[in-house]
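Here are my quick notes on this one, written as numbered points. Have a look at the model first, then read on.

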Amino acid sequence: MERERIDFLLNLLLEKKGRELREELLKYNEADIAEFIEEIDEVETLAVFRLLPKDVAVDVFAEFDSEKQGKLLNLMTNIELTEIVDNLYIDDFVDMLEELPANIVKKIMKDVDPEKRNIINQYLQYPEDSVGSIMTAEFIDIKKHMTVGQALNKIRRVGMNSETIFTIYITDASRRLEGYLSIRTLLVNDEDKTIESLMDEDVIFVHTHDDQEVVAKIFSRYGFLAVPVVDNESRLVGMVTFDDAVDVIQEENTEDFELMAAMAPSEKPYMKSSAWEIAKNRFGWLIVLLLTAILTSSIITKYENILTSFTGVIAFLPMIIGTGGNAGSQSSTIVIRGLSLGEIKISDYYKVIIKELGVSIIVGLGLAIFNYLRIVVFGGSPSMALTISLTLLFTIMLAKTVGGLLPILAEKFKMDPAIMAAPLITTIVDTLSLMIYVVFVSIILI
């Protein structure tokens, strides 16, 4: 929402023009209304919340972060609390419970009916990052012996309680998934046609214990609106909708960016995290990188006599180390992205090695020739120029190979490939490039 629109709504709230404020708010999407409400305190939030129709209020509530939800729930009456609980979709409700303090959860669960409580408890038992933890149980399933007319009647009857009606799943008597069809297919066909004659049996699904990143990749690849979720016996137990997949993609991307910057993933947005929390997430990785940097320093100390035996050798060291780190970071970034999008698989490791070697030879030769000419033109000795150029070539070859291979190795051992990003690759390549430099100085200059 634009800043001037937010200011206009804030002015209506300040002037206590409730009717005008309600009319203006209903012109906006629930996410925009939530953005406006984030600007005001909890008491005013409750006042604005009460202006909204019940169905809109529930959707707006689902857009709040857990901190805002908890504060608002503390101020609500039992009747208002019950309305929220009864109308939130199961997956949104579970997400809220996982983040709220225990005392608020106890207050909420007190009035939840037994059937819904059983479903919620089942959701809470799934691993935190599994598909089961983000799926919704509010879906529509039909039988293949039904006609189009019968199916449409069921959708009209139960559709309001489903998170989406655009994709309909077909199950057998044991609730095993048999196929799917779209609401469009139902609407454009005669009512006496059977579902079996229209359904698509080639259904793509996920299991409850699959990692949530798996379903996010499916959405990215196929552009589905929903993906069905089955248990270990292939029974349909839920579905993941597109909005939940978008949340997962955002979370995974944020986590990858943080890991690639050598930080522990944060549970809170930057602006809502304290300096202590941010420092805690960064400190561990900085210690690891510091220790690897100490290793590089110890190598310099060990070979100090070699590195200082020829004038100018030390002066080129930062350039060599920096170029190697940059080359490795380029490769690791591309491979990490390819792994996250499914473009690169673990079995492609040899193809990655061959391709990165090819790239490194082309790039390395180009930089080596450029540096050789530069050093000679500016008065450097040919032997020094040759040493630097060969070091650059072999450093870039090694850096790009290591940068391309380590993320795949991380994926192989069930680690996040983003761990093998710029800071870690750079520190590894620093040490290796220094060793290469020492070797060529020893062979050519001494």
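**Notes on the model**

1. Let's start with E138, which sits in the loop between α10 (114–124) and β1. Keep in mind that this is a predicted model. Is E138 buried or exposed? Its relative accessible area comes out at 17%, and buried means under 20%, so E138 counts as buried.

2. What does the E138 side chain pair up with? There's a polar contact with the side chain of T136, at 2.8 Å. Leaving aside residues up to four places away in sequence, E138 touches L88, Y89 and I90, then N161, S162 and E163, plus M239.

3. On to the sheet. β1 belongs to an open sheet of three strands, ordered β1-β2-β3 with mixed pairing. The edges are β1 (141–142) and β3 (177–182), each pairing on one side only. Strand β2 (residues 167–171) runs antiparallel to β3, with five bridges between them.

4. UniProt, in an unreviewed entry, lists "transmembrane region" for residues 283–300, 306–328, 349–373, 385–409 and 421–445. In the model, residues 349–373 are 100% helix and 0% strand, with 36 Å between the end C-alpha atoms. For residues 385–409 the figures are 100% helix, 0% strand and 36 Å between the end C-alpha atoms.

Notes
Residues are numbered from 1 along each chain as its sequence is written. This is a predicted model: local features need pLDDT of at least 70, side-chain atom pairs count only at pLDDT 80 or more; totals for chains, interfaces and linings use all residues. Side-chain values use heavy atoms; hydrogens and water are left out. UniProt positions are given in the numbering used here, feature names are shortened, and annotations may be inferred rather than shown by experiment. Helices (H or I, at least four residues) and strands (E, at least two) are DSSP runs, numbered from the N terminus. Two strands pair if DSSP finds at least two bridges between them. Buried means under 20% relative accessible area, exposed over 50%, partly exposed in between (1.4 Å probe, protein chains only). A polar contact is a pair of N or O atoms within 3.5 Å; within protein, one must be able to donate a hydrogen and the other to accept it, and residues adjacent in sequence count only if both atoms are side-chain atoms. Contact means heavy atoms within 4.5 Å.
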